[in-house]
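Hello,

Here is the structure I promised to pass on. Please open it first; my notes follow below.

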Amino acid sequence: MVDVLENKRAATRFRVLVEIAERQPAVSQGEIADAVGVTSQAVSEYIRELVDDGLVEKEGRSRYRVTKEGVDWVFQSATDVRRFADHVTDDVLGSVQEDAAIATADLAEGETVTLSLSDGLLHADPGGGDATGVTTTSAAEGEVVGVTGFEGVIDLNPGHVSVIQVPPVRSGPVENVDDIAAACADAPIVTAAGVEAVVALRDADIEPTTHFAAGEVAADAASRGLDAVVVATQDTVGRVTDALRDASVDYDVTQ
């Protein structure tokens, strides 16, 4: 167990040191007491111990500074806490987390299933495979089934996003309507960023999947294995590509 999680005193010592680091050099013991939830006298005792242990140095009345040793201790303790939190999130909760999938056949509760993504949705197939889970409910073919106890990695080829720029209204009408229609013809997801983009798609006889959060929607689709097209005005292309980069999605931009 991580030291700062073993007992209340170790946790309080950690929090007091963090508060000193945040407020240094002018340190109000009363403010630290309010933040940590202990008395000012207790804070004074903790600070005295921290000074004696070489983690904090006193520079004058109510003036303290965390030493290099103190910084190292806080960093190591924070790292240990983070590792413990990751263990809880990934190893403990990850194994009991329940998700929903579409049953590809009749399934009974407690059955081991193979998990796959199709049309961007999680599907549960009877039998074992590279990525498996255990059903928490029963379901008929085509119904929703609960799944937990995930193991393995789902085989997935990320999708690609094509970003097509259209000029803003002040620059004149959109001239590449035919190119837009061709690019969107077989795309499972089409989003629009900007009024001009919505109208350009309608002129191309294409109804966008959405015209809200176009980049984020396309990025989410690509992460689920779906190709997407984003039609965006030149004024909004930057926001779209930022969202795609943040999601590490493969994309290209054309005019």
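Asp119 is exposed, with a relative accessible area of 64%. This is a predicted model, so treat it as one. Asp119 sits in the loop between strand 4 (112-118) and strand 5 (121-126). Its phi is positive, about 55°, although Asp119 is not a glycine. Most residues other than glycine have a negative phi.

Ser248 also has a positive phi, near 55°. Look for Ser248 in the loop between helix 9 and strand 11 (250-254). Ser248 is exposed, at 69% relative accessible area.

Pro25 belongs to the loop between helix 2 (8-23) and helix 3 (29-36).

UniProt, in an unreviewed entry, puts "domain: HTH crp-type" at residues 19-68. That span is 54% helix and 18% strand, and its end C-alpha atoms are 16 Å apart.

On to the rings. Arg13 lies over the face of Trp73, 5.6 Å from the ring centre. The whole structure holds one aromatic pair.

Last, the largest pocket. Its volume is about 150 Å³. Strand 9 (189-193), helix 8 (214-223) and helix 9 (237-246) each give two or more residues to the lining. Helix 8 gives the most, with three. The lining has five nonpolar, four polar and two charged residues. Among them are His211, Glu216, Thr236 and Arg239.

Best wishes

Notes: Residues numbered from 1 in each chain as written. Predicted model: local features only at pLDDT ≥ 70, side-chain atom pairs only at ≥ 80, totals over all residues. Heavy atoms only, no water. 1 Å grid on protein atoms, 1.4 Å probe; cavity = no way out; pocket = protein on both sides within 12 Å on 5 of 7 lines; lining within 4 Å. Points joined across faces, edges and corners; volume = space filled by probe spheres on them. Helix = DSSP H or I, 4+ residues; strand = E, 2+ residues; numbered from the N terminus. Nonpolar A, V, L, I, M, F, W, Y, C, P; charged D, E, K, R; others polar. UniProt positions renumbered as here; feature names shortened; annotations may be inferred. Phe/Tyr/Trp six-rings, centres within 6.5 Å; stacked < 30°, edge-to-face > 60°. Lys NZ or Arg CZ within 6 Å of the ring centre and 35° of its normal. Buried < 20%, exposed > 50% of the residue type's maximum accessible area, 1.4 Å probe, protein only.
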